[in-house]
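Please look over the sequence and the model shown here. A short briefing follows, grouped by topic.

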Amino acid sequence: MDKKKKDRLTWIAYIAIFLLFWITGWHKPLVSKLQQGILATGIIQADLNQEHSKNAVDAVLFNEEGQKIRLSEFRNEVVFFNIWATWCPPCRAEMPGIQSLYESAEMEGVNFIMLSTDENFEKAKKYKKDNDFTFPIYRLGGEMSEELNSSSLPTTFIIGKQGNIEVTQKGMAKYNTDKFKKFLKELVLKK
């Protein structure tokens, strides 16, 4: 077989493998694992040096049991508010770190709102169960306020006790760090 024909067949094989991964959806877990590796290096962390005084407008949410909850119910408490979807590889990549942060003993006084944007909330609940995540997930019960609206997934907002958005992180980040835990603890202790 001549070199040209062999090169052509090699490229056809590469394209076929790529299409197989893409069509079957197998690329999502693969991309997610690669991104988890990047997060594990600590290169991408939340930017805590932001100045925010925007007040988080109230939002209506539904929890996994279908109970209606308002964001305003968490006033006087710190809220880790993450917007994600099961089909989003960067969202999936940061989930294990968020789970570790959620389980951390230092997180007393921090409420986690993991807002799924999946059209089918049952899919989000299954994803949570299949991955042994224990943090609470929610779905939106109406329009998202302008202050909490983001065109990027994932997006995380840290909301202080007074309802002010203290941090906005667009894109994936590593949250289970000593620096981030200290930041959250300071918000919890803040009067």
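The protein chain exposes about 11200 Å², and carbon and sulfur atoms supply 54% of that area. Accessible areas come from the Shrake-Rupley method with a 1.4 Å probe, and for residues only the protein chains shown count as cover. This is a predicted model, in which local features need pLDDT of at least 70 and side-chain atom pairs count only at pLDDT 80 or more, while totals for chains, interfaces and linings use all residues. Residues are numbered from 1 along each chain as its sequence is written, and side-chain values use heavy atoms, with hydrogens and water left out.

**Overall layout**

- The protein chain holds five helices and seven strands. Helices (H or I, at least four residues) and strands (E, at least two) are DSSP runs, numbered from the N terminus.
- Along the sequence the pattern reads α-α-β-β-β-α-β-α-β-β-β-α.
- The protein chain has 191 residues, and 42% of them count as buried. Buried means under 20% relative accessible area, exposed means over 50%, and partly exposed lies in between (1.4 Å probe, protein chains only).
- Take the contacts in the protein chain between residues at least 6 apart in sequence: 72% of them join residues at least 24 apart. Contact here means heavy atoms within 4.5 Å.

- Strand β1 covers residues 60–63. Val60 and Phe62 point one way, Leu61 and Asn63 point the other way, and all are buried.
- In a regular strand the side chains alternate between the two faces of the sheet.
- β1 runs antiparallel to β2 (residues 68–70), joined by three bridges. Two strands pair if DSSP finds at least two bridges between them.
- Leucine 61 faces isoleucine 69 of β2 as its opposite residue.
- Four residues separate β1 and β2, which form a hairpin. Glycine 66 in the turn has a positive phi of about 85°.
- β1 also runs antiparallel to β5 (residues 137–140), again through three bridges. Here phenylalanine 62 stands opposite arginine 139.
- β5 pairs with β4 too: three bridges join them, and they run parallel. Methionine 114 stands opposite isoleucine 137 in β5.

**Helix α5**

- α5 spans residues 178–189, 12 residues in total. From first C-alpha to last it reaches 16 Å, close to the 16 Å expected at 1.5 Å a residue. The expected span is 1.5 Å times one less than the number of residues.
- Which residues of α5 are buried? They are Phe180, Lys181, Phe183, Leu184, Leu187 and Val188.
- An α-helix has 3.6 residues a turn, so residues three or four places apart point the same way.
- The face of α5 turned away from the buried side carries the exposed residues Asp178, Lys179, Lys182 and Leu189.
- The buried residues of α5 pack against β3 (78–84), α3 (89–103), β4 (110–116), β6 (155–159) and β7 (165–170).

**Threonine 86**

- Threonine 86 sits in the loop between β3 and α3. Its relative accessible area is 3%, so threonine 86 counts as buried.
- Beyond its neighbours within four places in sequence, threonine 86 is in contact with Arg92, Asp118, Lys123, Ala124 and Tyr127.

**Backbone points to check**

- Most residues other than glycine have a negative phi, and most peptide bonds are trans.
- The peptide bond from leucine 153 to proline 154 is cis, with omega near -10°. Proline 154 lies in the loop between β5 and β6.
- Asparagine 76, in the loop between β2 and β3, has a positive phi near 70°. Asparagine 76 is exposed, at 57% relative accessibility.
- Aspartate 132, in the loop between α4 (121–130) and β5, has a positive phi near 55°. Aspartate 132 is exposed, at 62% relative accessibility.
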